[in-house]
Amino acid sequence: MHSLELVRLRFSNILSYGNTVNEVTFKKGITWISGSNGAGKSAILEALNFLFFNKPYRNIKKEQLKNTANKSNLFVEGEFIRTDSRGSDKYVMSRTMTGTGSTKTTMYLPIVTGK
């Protein structure tokens, strides 16, 4: 049996978030995200959906995910740990979108070998 655990999510220039790289760390178990309206909770879901499926979670055009207040690319990166009977490996997947809407996906398999 094996498991895949989301450990960290990094993103910038998505929806109301600007150029600064933001980071959310996930711990084992249930992760709870709370905040007032407009705090950016939905942007985290949008970042995950863009990373995994290259499309928005909501019914909007993909290009609308990018913050248009600046010229930087939209960037999302997820860090995962895969565990099986042989040990654990760390994987990183990233996806970027330019101002023209073109995307690039990169997967690093694995970046750290387990014990």
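## Exercises on salt bridges in a predicted model

The protein chain exposes about 7,500 Å², of which carbon and sulfur atoms supply 53% (areas by the Shrake-Rupley method with a 1.4 Å probe; for residues, only the protein chains shown count as cover). The model is predicted: local features need pLDDT of at least 70, side-chain atom pairs count only at pLDDT 80 or more, and totals for chains, interfaces and linings use all residues. Residues are numbered from 1 along each chain as its sequence is written, and side-chain values use heavy atoms, with hydrogens and water left out.

**Exercise 1.** State which elements the protein chain contains and their order.

*Solution.* Step 2: from the N terminus, the order is β-β-α-β-β-β.

**Exercise 2.** Determine which parts of the chain glutamate 77 and arginine 10 tie together.

*Solution.* Step 1: the two residues form a salt bridge, with the closest N and O atoms 2.5 Å apart (a side-chain nitrogen of Lys or Arg within 4 Å of a carboxyl oxygen of Asp or Glu). Step 2: glutamate 77 lies in strand S3 (residues 74-84) and arginine 10 in strand S1, so the pair ties together parts 67 residues apart in sequence. Step 3: both glutamate 77 and arginine 10 are buried (under 20% relative accessible area; exposed is over 50%, partly exposed in between; 1.4 Å probe, protein chains only).

**Exercise 3.** Classify aspartate 84 and arginine 86 by accessibility.

*Solution.* Step 1: aspartate 84 has 17% relative accessibility and therefore counts as buried. Step 2: arginine 86, at 67%, is exposed. Step 3: a salt bridge joins aspartate 84 to arginine 86, with the closest N and O atoms 2.8 Å apart.

Key:
Helix = DSSP H or I, 4+ residues; strand = E, 2+ residues; numbered from the N terminus.
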